[in-house]
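Dear colleague,

I am passing on the structure we spoke about, and below it you will find an account of what turned up when I went through it. Please keep it open beside the text as you read.

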Amino acid sequence: MDTTPQDLLVVALEAGAGPPPEQGELSLALAGAELIDLLDIRAVQLDDTRILPGGPTAVADGLLAQAAAAVVRQPPFETVEDWLWRRGRQLAAAYAAALAATLGSASGTAPGTGGPARRPRFHRANEAQPGGPIPTDSAGRRAAMDRWESREPVLTALAAAVGVEGLPPGRQPDITDDDVATVLAAVNDAVQELDAVRQRRAIEEAAFANIWRGGAG
């Protein structure tokens with residue numbers, strides 16, 4: 001079963017012309033992608049920005065099943081923002097490992113294809129580098145890239161949140177579902193917040209280093 005998080009991971013690693021994504025931002029977007037898939041299969045529903053559990057739903061994908069099981073089922077329930085920060089913790093590494101385990105092999109060859117595999121590369125922000133090869137030619141990768149090349153709105157919006165440009169400047173994906181739009185807005189806000197925190201930390205560390213050097217001199 002191909003899922004939106006799996007497709008997002010492939011696109012983030014394959015389609016960007018610039019540097020690879022930060023793990024933190026990608027993890028937040030993956031958590032948003034999970035929530036969108038859970039909404040699609042009615043495993044959850046939104047009440048404004050709160051996530052309400054839906055009816056019992058069979059989920060074939062392992063990580064998406066974990067996401068469904070992680071939904072808070074007691075009032076006052078959880079907001080989309082809280083879900084992104086909680087579920088998104090180190091989620092990029094989990095998806096990279098799952099993709100490698102499913103499609104790759106320790107020898108670096110994609111099962112059934114004979115094709116080469118490449119390891120996922122991320123910028124790190126206090127997170128471990130995910131390991132395991134990702135095949136360069138597989139049905140999952142081709143499906144993700146087909147979805148990307150057609151500029152499917154949800155995948156395009158999620159990829160844009162982690163810095164992968166998919167549409168001409170000034171154009172926005174046509175999102176018609178209000179719940180999906182709510183999740184995408186929360187993803188963008190969380191990514192911006194994480195980037196702001198990282199910038200503040202860098203400024204503080206630089207200021208401390210200057211003070212240290214001044215004192216040492």
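In what follows, two residues are said to be in contact when they have heavy atoms within 4.5 Å of each other, and please bear in mind throughout that this is a predicted model.

With that in mind, Asp7, which lies in helix 1 (residues 4-14), is in contact with Asp2, Gly140, Ala144, Arg147 and Leu155, once its neighbours within four places in sequence are left aside. Asp7 counts as buried because its relative accessible area is 6%, and the cut-off for that word is under 20%.

The largest nonpolar core has 52 residues, and those with the most contacts inside it are Leu8, Leu38, Trp83 and Leu84. Helix 2 (residues 23-40) gives the most to this core, contributing 10 residues. From its first C-alpha to its last, helix 2 reaches 25 Å, which is close to the 26 Å expected, and Arg42, which follows the helix, has a positive phi, near 65°.

Trp83, not counting residues up to four places away in sequence, touches a set of residues that includes Ala31, Glu34, Leu35 and Leu38, as well as Ile51, Ala67 and Val71.

As for aromatic rings, a search of the whole structure finds 0 aromatic pairs, although the charged end of Arg151 does sit over the ring of Trp148, 4.3 Å from its centre.

With best wishes

Notes: Residues are numbered from 1 along each chain as its sequence is written. This is a predicted model: local features need pLDDT of at least 70, side-chain atom pairs count only at pLDDT 80 or more; totals for chains, interfaces and linings use all residues. Side-chain values use heavy atoms; hydrogens and water are left out. A nonpolar core is a set of buried Ala, Val, Leu, Ile, Met, Phe, Trp, Tyr and Cys residues joined through side-chain atoms within 4.5 Å. Buried means under 20% relative accessible area, exposed over 50%, partly exposed in between (1.4 Å probe, protein chains only). Helices (H or I, at least four residues) and strands (E, at least two) are DSSP runs, numbered from the N terminus. The expected span of a helix is 1.5 Å times one less than its number of residues. Rings of Phe, Tyr and Trp (its six-membered ring) pair if their centres lie within 6.5 Å; planes under 30 degrees apart count as stacked, over 60 as edge-to-face and the rest as tilted. A charge sits over a ring if NZ of Lys or CZ of Arg is within 6 Å of the ring centre and within 35 degrees of the ring normal.
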